[in-house]
Amino acid sequence: QVQVVESGGGLVQPGGSLRLSCAASGRIFSIAAMAWYRQAPGLQRELVADITSGGSTNYADSVKGRFTISRDGAKNTVYLQMNSLKPEDTAVYFCKAGGVRVLPLPEKDYWGQGTQVTVSS
């Protein structure tokens with residue numbers, strides 16, 4: 001019923017920039033919050049940044065000052081602008097649409113398939 005699709009990953013040199021996009025589609029009534037997570041090989045998935053429907057944002061300490069999350073509520077889309085990228089940012093980046101209301105069903109979270117970001121010279 002709901003699809004979440006990420007795009008924008010790729011290979012970038014250290015110090016470079018990438019912009020990730022994520023769109024949620026389907027018979028969506030509302031979305032409480034959208035978030036970006038990442039998972040590097042051998043590590044647990046971690047929260048990178050999230051943004052509520054009201055526009056409040058939260059960032060992992062490791063990306064503060066370098067990454068910016070934004071949201072287009074009308075399009076159920078979230079973006080992650082990543083600047084000053086470091087090799088340790090290399091991971092699969094996942095988008096989560098949280099608290100999605102598809103009437104008359106209860107709220108549910110939906111995840112995308114992920115997009116690879118590789119930071120390497």
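**Disulfide, core and a buried glutamate**

Biologist: How far apart are the sulfur atoms of Cys-22 and Cys-95?

Modeller: This is a predicted model. In it, Cys-22 and Cys-95 form a disulfide. A search of the whole structure finds one such link. The sulfur atoms lie at a separation of 2.0 Å.

Biologist: Is Cys-95 buried or exposed?

Modeller: Buried means under 20% relative accessible area. Cys-95 has 0% relative accessibility, so Cys-95 counts as buried.

Biologist: Which element gives the most to the largest nonpolar core?

Modeller: That core holds 32 residues, and Trp-36, Leu-80, Met-82 and Tyr-93 touch the most other members. Elements giving two or more residues include strands S1, S3, S4 and S9. The top contributor, with five residues, is S9.

Biologist: Which side chain of opposite charge is nearest to Glu-6?

Modeller: Glu-6 is in strand S1. Glu-6 is buried but has no salt bridge. A salt bridge needs the charged atoms within 4 Å.

Biologist: Which backbone nitrogen does the side chain of Glu-6 reach at 2.9 Å?

Modeller: Glu-6 touches several residues beyond four places away in sequence, among them Cys-22, Cys-95, Gln-113 and Gly-114. Its side chain reaches the backbone nitrogen of Gln-113 at 3.1 Å. The backbone nitrogen reached at 2.9 Å is that of Gly-114.

Key
Residues are numbered from 1 along each chain as its sequence is written. This is a predicted model: local features need pLDDT of at least 70, side-chain atom pairs count only at pLDDT 80 or more; totals for chains, interfaces and linings use all residues. Side-chain values use heavy atoms; hydrogens and water are left out. A nonpolar core is a set of buried Ala, Val, Leu, Ile, Met, Phe, Trp, Tyr and Cys residues joined through side-chain atoms within 4.5 Å. Buried means under 20% relative accessible area, exposed over 50%, partly exposed in between (1.4 Å probe, protein chains only). Helices (H or I, at least four residues) and strands (E, at least two) are DSSP runs, numbered from the N terminus. A disulfide is a pair of cysteine sulfur atoms within 2.5 Å. Lys and Arg count as positive and Asp and Glu as negative; His and the chain ends are not counted. A polar contact is a pair of N or O atoms within 3.5 Å; within protein, one must be able to donate a hydrogen and the other to accept it, and residues adjacent in sequence count only if both atoms are side-chain atoms. Contact means heavy atoms within 4.5 Å.
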